Each structure stands twice: as structure tokens, then as C-alpha cells.
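Please keep the sequence and the structure in view while reading.

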Amino acid sequence: MAKDNAPHIDTLLQHTATASFNPATGSAPVNLPSMRASTVRFQNLDALEATQRRKKAGERAATYGRMGMDTHAALEQVFMQLEGGTHCYLASSGLGAITMAMVALLSAGDHALVADCVYGPVYELDAALLKRMNIEITYFSADDDLEALVRPNTRMVYVESPGSLLFQMLDLPALARFARARGLVLACDNTWGSGYIYRPLELGAHVSVVAGTKYVGGHSDLMLGAVVTNDAEIAQRLNRTQYAMGYSVSADDAWLALRGVRTLPIRMAQHARHAMQVCEFLAGRPEVARIYHPAWPGDAGHALWQRDCTGSNGMLAVELRLAAPASRRFVDALRLFGIGFSWGGFESLVQWVTPGELARHRYWQGGEHALVRLHIGLEDPRDLIADLTQALEQAAAA
């Protein structure tokens with residue numbers, strides 16, 4: 001049992017969002033049905049007005065279907081349990097959740113500090129939207145003196161840990177102390193940890209953002225985002241912004257996420273075991289210059305991972321002593337790894353990272369070496385290793 005005799009998160013995930021018993025029959029399905037609704041009916045005006053009062057007081061009270069019904073409420077509860085939060089707001093994608101957090105917590109004339117290792121589309125969000133809103137972003141690396149970057153109008157520190165592409169571990173408790181001492185909001189993209197193996201709110205962040213598309217869904221068949229907080233004032237701002245911007249999530253996608261999250265503990269553990277076996281193989285290959293995976297003992301962030309995380313997953317990147325043409329041949333030669341940008345599903349994936357994407361990350365010291373990002377899936381790792389072997393041999397022969 002966990003502290004205070006509360007059930008372990010593994011247990012909670014199996015018993016949350018089950019259907020209530022029918023009082024007339026005493027029976028119920030195991031899973032809460034997908035409750036689709038655009039219109040919500042009320043028995044009378046008193047019932048409507050009571051719901052409106054509850055909603056105004058900050059309760060989750062549906063007066064229209066866009067905010068979702070019982071299926072959505074159950075998924076919000078799951079995210080709050082995973083992240084240790086008190087409020088959750090759903091979005092139709094991970095980037096949608098990031099946008100919600102940025103727009104809710106930043107205003108025209110504000111400035112934010114953003115880690116240079118964040119999810120790549122954040123740069124496009126900055127260029128396409130935030131700049132037009134007169135919100136200014138300064139990108140920083142872990143080695144920068146943040147004190148020198150803070151301005152009178154700085155309002156937020158936004159990070160992703162571990163970082164995108166290179167899985168750079170950031171010292172989140174130190175960032176939290178820095179932000180809180182200066183009255184800044186610390187928001188963290190926690191898609192890698194998804195609340196199960198990494199909990200930013202417990203480490204001091206105000207906001208945790210998760211792309212439920214990845215490990216929460218787990219089957220590469222839905223798009224979903226969530227913003228979770230344990231700060232009541234921040235929750236009010238998120239609540240108004242979510243409503244005002246018209247965010248809506250399909251009830252069926254919410255249901256798929258509820259189904260997927262029940263197997264999150266065993267899936268993520270299996271992904272992690274397979275990834276470590278692949279790392280052990282890669283470490284012995286002459287083509288491999290460096291492995292980026294925080295659970296790997298040779299990773300520069302391994303000590304932070306040991307301190308702040310409770311597990312790992314299937315995400316890793318490999319720096320190859322190969323020129324671009326040979327590394328592209330390696331990717332094309334893989335048979336069990338699909339070429340794609342997502343991850344967190346059951347399948348193995350590979351991404352050839354462009355030099356332009358790497359140029360943003362000052363953590364990258366690989367020069368002209370190639371970088372390939374791998375998601376290690378649930379296939380037998382012996383087969384994945386055999387596939388990697390033949391692809392490396394083809395690349396070397398080229």
C-alpha cells in the first residue's frame with residue numbers, strides 16, 4: 001500500500017471509471033460507456049440554475065455537451081490521480097493542451113522562459129500565435145543563468161523533462177524553487193512520464209501537460225491532451241480559457257483513453273525492459289557514438305532520473321557515427337520499425353532527426369553525426385535487435 005494507506009496507482013487505474021450499478025437491476029457493465037452528448041436537458045429551470053451556480057463556483061457541472069459528460073469526467077479524474085493534481089482540463093491533442101496552458105497563463109506584453117529541448121511544434125506555436133499576441137519567448141538551456149534572463153514582465157518558465165529528441169533530464173525541483181521564489185509559473189510537458197513514472201507537480205511545478213495520445217492511450221488510435229494543476233487560481237484561468245476557446249474532446253476518444261490507461265503500468269514497464277535490452281545491444285556497436293536514454297547508466301541525466309523518476313519507457317535516441325546518406329539507409333532498411341513521428345503505442349517506431357531540429361538543442365554535441373530516435377515497442381526485443389543489426393550492416397556497407 002502507498003503512504004496513508006491509499007491504494008497504489010496501479011490499483012486506482014483498475015477501479016476508476018467503472019460503471020455504477022443500476023438501482024433497479026443491481027447490475028452494471030464493468031466499463032463506463034462512452035456518453036456522447038451535444039445537448040444537456042434539464043428537468044426544470046430550478047435544476048438548470050442550480051447547475052449553473054455549481055459551475056460558477058468552480059465545480060464540474062455540465063450545461064452543454066462540449067465540456068463532456070460522465071466519460072470525460074472519469075478521464076479527468078484519471079489524469080488527476082496520475083499527476084497528483086486537483087483540476088484537469090482536456091484538449092483534443094497534446095499541442096492543444098500546450099496552447100491552452102500558454103494562452104491561459106500568458107497575456108499580451110508578457111515574457112516566458114522556455115527550455116530549448118521542448119517539443120518541436122512549440123517553436124511553431126511561438127512563431128504563428130504567441131508573437132502575434134505580443135508574447136515574447138526566450139529559449140534557454142540547462143546551463144544558462146536563468147537569473148540573467150528574467151525580466152520584469154516574465155510570467156512563466158516552460159519546460160519538457162526529459163526533453164524532446166535527446167531526453168535531457170532537467171533539475172525540476174531546482175527550477176521550481178527558482179520559479180516560485182520569483183512568482184513565476186512553472187509548467188512542464190510530462191508526456192514522457194505521463195504521470196506514472198514522473199510527477200512534475202510533486203517536484204514543484206504548478207502545471208503538468210500530457211499528450212494522452214502517447215502512453216495513456218497506448219494504441220496509436222486517438223488524439224488527446226490534458227492540462228493538470230493543483231493550484232486553484234491557475235485552475236480558474238485554465239477553466240475560463242478552455243471554455244472560451246471551444247476545446248472539445250470526442251467521447252469515444254475519452255473512452256479509448258480510459259480503456260488504454262488500465263494497461264499503462266504493464267505496458268510502460270515492458271517498453272522500459274525492451275528499451276534497456278536494445279541499449280545494451282547498441283552500446284556494443286561500433287556505429288553508435290552515444291545513447292540518449294535517462295535510464296541508461298551512461299546517460300548524462302541518469303542521476304537525475306534515479307532521483308526524480310520511478311521508472312522509464314521505450315523512448316531513446318542514438319547518435320550514429322554515420323553521414324546523412326548512410327543513416328538514412330539505416331532507417332529505410334528497418335523492417336519492424338515504422339517511420340513516424342508519434343510514440344507510446346504498442347509498436348516500434350523510428351524517426352530520422354533533421355539537422356535543423358537538432359540545431360535548436362544546445363545539449364546536442366554530435367556535430368556531423370546522425371541522430372535517430374527510436375520508440376521500442378512490445379515486439380520481442382530479440383527480433384528488434386536482429387532488425388537493427390541488419391539495418392546497421394546495410395548502412396555500413398553503403
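## Salt bridges

E287 and R285 are joined by a salt bridge in which the closest N and O atoms are 2.8 Å apart, a salt bridge being a side-chain nitrogen of Lys or Arg within 4 Å of a carboxyl oxygen of Asp or Glu. The model is a predicted one, in which local features need pLDDT of at least 70 and side-chain atom pairs count only at pLDDT 80 or more, while totals for chains, interfaces and linings use all residues. Residues are numbered from 1 along each chain as its sequence is written, and side-chain values use heavy atoms, with hydrogens and water left out. Both partners of this pair are buried, E287 with a relative accessible area of 9% and R285 with one of 17%; here buried means under 20% relative accessible area, exposed over 50%, and partly exposed in between, for a 1.4 Å probe and protein chains only.

By the salt-bridge rule the count comes to 16. One of them links the side chains of E136 and R151, at 2.9 Å from N to O. Because E136 belongs to strand β3 (residues 136-140) and R151 to the loop between α6 (146-149) and β4 (154-160), this pair ties together parts that are 15 residues apart in sequence; helices (H or I, at least four residues) and strands (E, at least two) are DSSP runs, numbered from the N terminus. E136 is partly exposed at 42% relative accessibility, and R151 is also partly exposed, at 30%. A further salt bridge brings together the side chains of D380 and R382, at 2.7 Å from N to O, with D380 partly exposed at 28% relative accessibility and R382 exposed at 64%.

## Cysteines

How many disulfides does the model hold? The count comes to zero, a disulfide being defined as a pair of cysteine sulfur atoms within 2.5 Å. For C88, the closest cysteine sulfur is that of C188, and at 15 Å it is too far for a bond. C88 is buried, its relative accessible area being 7%.

C309 likewise takes part in no disulfide, the nearest cysteine sulfur, again that of C188, lying 10.0 Å away. With a relative accessibility of 9%, C309 counts as buried.

## Two loop residues

Is H361 buried or exposed? With a relative accessible area of 5%, this histidine is buried, and its place is in the loop between α13 (355-359) and β12 (370-375). Leaving aside residues up to four places away in sequence, H361 touches D116, C117, V118, S164, L165 and L166, where contact means heavy atoms within 4.5 Å.

A108, by contrast, counts as exposed, at 57% relative accessibility, and lies in the loop between α4 (94-105) and β2 (111-115). Its contacts, with residues up to four places away in sequence again not counted, are M133, N134 and I135. The C-alpha atoms of A108 and A251 are separated by 34 Å, the two residues being 143 residues apart along the chain.

## Pocket and cavities

Rolling a probe the size of a water molecule over the atoms shows where empty space is left. On a 1 Å grid over the protein atoms alone, a cavity is a set of points where a 1.4 Å probe fits but cannot get out, and a pocket is an open set with protein on both sides within 12 Å along at least five of seven lines, lining residues having an atom within 4 Å of a point. Grid points are joined across faces, edges and corners, and a volume is the space filled by probe spheres set on the points.

The largest pocket has a volume of about 700 Å³ and a lining of 27 residues, with G58, E59, R60, Y89 and N239 nearest its centre. Two or more lining residues come from each of α2 (45-56), α3 (70-83), β1 (87-91) and α8 (232-244), and α8 gives the most, with eight. The structure also holds three cavities of 30 Å³ or more; the largest cavity, with about 50 Å³ of space, is lined by R66, M67, H72, E76, L90, Q242, Y247, S248 and V249.
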